[in-house]
Amino acid sequence: MTTWDDLPFVETEIRIGAPAETVWGLMTDLDRWGMWSPEFEGGEWGPEGPVSGGTLVGHNRRGDFTWTTTSQVVAAEPGRTLAWEVLNTGAPPGSTWRIDIEPAGDGVLVRHSVQLGPGPSGLTRALEKYPERADEIKQRRAADLRAGMEQVLTGLKVAAESG
């Protein structure tokens, strides 16, 4: 039996020469986010928008495999923090995503992170199917997530700095 207490945590950051409000507006625009991400294709906020307690439906693709997730926003402070948990019916969240914006000189530092688990996900299903390859599977997923998160942050930077 695989234990989930060592599921990947991935974090990346980027400096952006734009105000926090500009960055917030772009990062909460799910259509824009979908243009930058190699996996997330876009989504919809619940009627309440990007606020704590609100919801987010996300549409995702990896190769030919597509899936939709429903998330609950667990922290939302405009211009500073946005965090959401990918929900699993009757189980703990499959992942928790977070974006923090901090003042940095004439712009901001944006930190993007994800903690996989503790609930089930595509990763945990792969680990259950191939327990002998657990380290390889976790390392590969962490590398894919990091690359995708860096791509999103680069897109965010370009959009924010181009006005």
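Before we look around, here's how residues get sorted by class: Ala, Val, Leu, Ile, Met, Phe, Trp, Tyr, Cys and Pro count as nonpolar, Asp, Glu, Lys and Arg as charged, and the others, Gly among them, as polar. What you see above is a predicted model, where local features need pLDDT of at least 70 and side-chain atom pairs count only at pLDDT 80 or more, while totals for chains, interfaces and linings use all residues. Residues are numbered from 1 along each chain as its sequence is written, and side-chain values use heavy atoms, with hydrogens and water left out.

Let's start with the largest pocket, which has a volume of about 1100 Å³. It is lined by 43 residues, and the closest to its centre are Glu39, Arg62, Trp67, Arg141 and Leu145. Sorted by class, the lining has 24 nonpolar, 12 polar and seven charged residues. Helix α4 gives the most to this lining, with eight residues. (A pocket here is found on a 1 Å grid over the protein atoms alone: it's an open set of points where a 1.4 Å probe fits, with protein on both sides within 12 Å along at least five of seven lines, and lining residues have an atom within 4 Å of a point. The points are joined across faces, edges and corners, and the volume is the space filled by probe spheres set on them. Helices, H or I with at least four residues, and strands, E with at least two, are DSSP runs numbered from the N terminus.)

Now for charges. Side chains of opposite charge can pair when their charged atoms come close. A salt bridge means a side-chain nitrogen of Lys or Arg within 4 Å of a carboxyl oxygen of Asp or Glu, and the structure holds 11 salt bridges. One of them joins Glu39 to Arg62, with the closest N and O atoms 3.3 Å apart. Glu39 sits in the loop between α2 (30–36) and β2 (40–45) and Arg62 in strand β3 (residues 55–62), so this pair ties together parts that are 23 residues apart in sequence. Glu39 is buried, at 16% relative accessible area, while Arg62 is partly exposed at 36%. (Buried means under 20% relative accessible area, exposed over 50%, and partly exposed in between, using a 1.4 Å probe and protein chains only.) Glu39 and Arg62 are also linked with Arg141 and Asp144 in a network of salt bridges.

Next, follow helix α4 (residues 134–161) to Lys157 and Glu161, which lie four residues apart, about one turn of the helix. They form a salt bridge too, with the closest N and O atoms 2.9 Å apart. Lys157 is partly exposed at 25%, and so is Glu161 at 39%. Lys138 also lies in α4, but this lysine is buried, with a relative accessible area of 10%. Setting aside residues up to four places away in sequence, Lys138 touches Asp6, Leu7, Pro8, Leu123 and Leu127. (Contact means heavy atoms within 4.5 Å.)

Last stop: Ser95, in strand β6 (residues 91–104). Is Ser95 buried or exposed? Buried, with a relative accessible area of 7%. Its side chain makes a polar contact with the side chain of Trp97, at 3.1 Å. (That's a pair of N or O atoms within 3.5 Å; within protein, one must be able to donate a hydrogen and the other to accept it, and residues adjacent in sequence count only if both atoms are side-chain atoms.) Beyond its neighbours within four places in sequence, Ser95 is in contact with Trp84, Glu85, Val86, Val114, Gln115, Leu116 and Gly117.
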